[in-house]
Amino acid sequence: QVQQNVERLFTRFVEQGKATVRLREPAVDLRLSKANASDLKTFLAALRLAHQGSDAGALPLSTLVPAKNSEVEKPKTKMIITSRRDYPLTKSFPHSLEHLQASYCKLARVDTRVLSLRKLRKLDLSHNHLKQLPETLGDLACLQELDLHDNHLESFGGALCRSGLRRSLQSLDLSQNRLRALPLELCELRGLLSLKLDDNELERLPCRVGQLGRLRFLSAARNRLPFLPCDFRRLCLDSLDLFGNPFEQPNPLAPNIQLKIPLTLSECAARATINHRIPYGCHLLPSHLCEDLAVAKTCQCGSACLSSFIQITVTMNLHHVAHTVVLVDNMGGTDAPVLCYFCSLRCYSQFLDRHLQSNR
């Protein structure tokens, strides 16, 4: 349908046989790049008349000759840019792009034109100067691979993890940045298969990291991790790299006691809510209480504890969670300290009995 459907004609290079017709519905650009200049002018004149509603018999149309396959320009799905000089400043990115790499371009922010590429499956913005990410990056609902390594990022927003990326993202590379912490919401990226966090300043991993049930490749080498979260035990990885972290020496006999006796009413209510799987949400509870419940600890007995607990670190062989393990240190070790929680003195005492008996 042409009548009243042509939004704009781009005819600046018509003498070179090039023109673009922008339609309203569907919202596409029809690019002509190898046309005969005389025939192209005739075609554009006919197109203007048809747009204005002229009778088909009055249109100056010639016999239609089918175009050869070699003359039809296919939609561009991949673009690789590896220097600032080649980065397009005035031209738009093709809306058909599925793979875009813009590395070594000294980008200080994510280009808004990139955020409109709704067919993108792979986005590589590595080796730039990005300090933060826009929340609208989460609108790229088809995005499966996101490479942000070697930038200046100090945070990875929780809103991104709650966006459409929660279902689509399979590979995330945040290595060589300035991250000190990761949001709890990172564990909502349930489709993740690969997560790279090397060469940051991370002091902890998210406490619910075990929820990443599809994760198979995890690397967090050369960070500042003193221990691993308790939930780390739930992972089932093919490959794990934690080399170069300043892991503490586990000491089960030196507990961090945060136990309050008797338990507060809020602690009792929180434990009951989780242990009995009582539904809750921001429509029922204040948001800060929901956030507290989301990071509740789990005792060795299986019961929950919130702010009243006993905490220790114990040794875990990383082969329990990964098939291939990069050595943790230069001494050839594959053990790392993992947090362990107890909801009561009784549970801790039972653990101590087992621990002391096993070391006799």
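Author: Happy to. Ala, Val, Leu, Ile, Met, Phe, Trp, Tyr, Cys and Pro count as nonpolar, Asp, Glu, Lys and Arg as charged, and the others, Gly among them, as polar. The model is predicted, so local features need pLDDT of at least 70 and side-chain atom pairs 80 or more, while totals for chains, interfaces and linings use all residues. Residues are numbered from 1 along each chain as its sequence is written, and side-chain values use heavy atoms, leaving out hydrogens and water.

Reader: How many residues of the lining of the second largest pocket are nonpolar?

Author: A pocket is an open set of points on a 1 Å grid over the protein atoms alone, where a 1.4 Å probe fits, with protein on both sides within 12 Å along at least five of seven lines; lining residues have an atom within 4 Å of a point. Here 23 residues line the pocket, with Cys 207, Pro 229, Cys 230, Asp 231 and Tyr 341 nearest its centre. Two of the lining residues are polar and six are charged, and the nonpolar ones number 15.

Reader: Between which domains does the second largest pocket lie?

Author: The chain is divided, by an automatic or database assignment, into domain 1 (6–52), domain 2 (78–224) and domain 3 (256–315 + 338–359). Two of them give residues to the lining, so the pocket lies between domain 2 and domain 3.

Reader: Which residues line the largest cavity?

Author: A cavity differs from a pocket in that the probe fits but cannot get out. The largest cavity has a volume of about 30 Å³, counted as the space filled by probe spheres set on grid points joined across faces, edges and corners. Its lining has eight nonpolar residues, with no polar and no charged ones. They are Leu 182, Leu 186, Leu 195, Leu 197, Leu 205, Pro 206, Val 209 and Leu 218.

Reader: In β3, what is the bridge partner of Ala 19?

Author: Strand β2 (residues 19–23) runs antiparallel to β3, and four bridges join them. In β3, the partner of Ala 19 is Leu 32.

Conventions. Pairing = 2+ DSSP bridges. Helix = DSSP H or I, 4+ residues; strand = E, 2+ residues; numbered from the N terminus.
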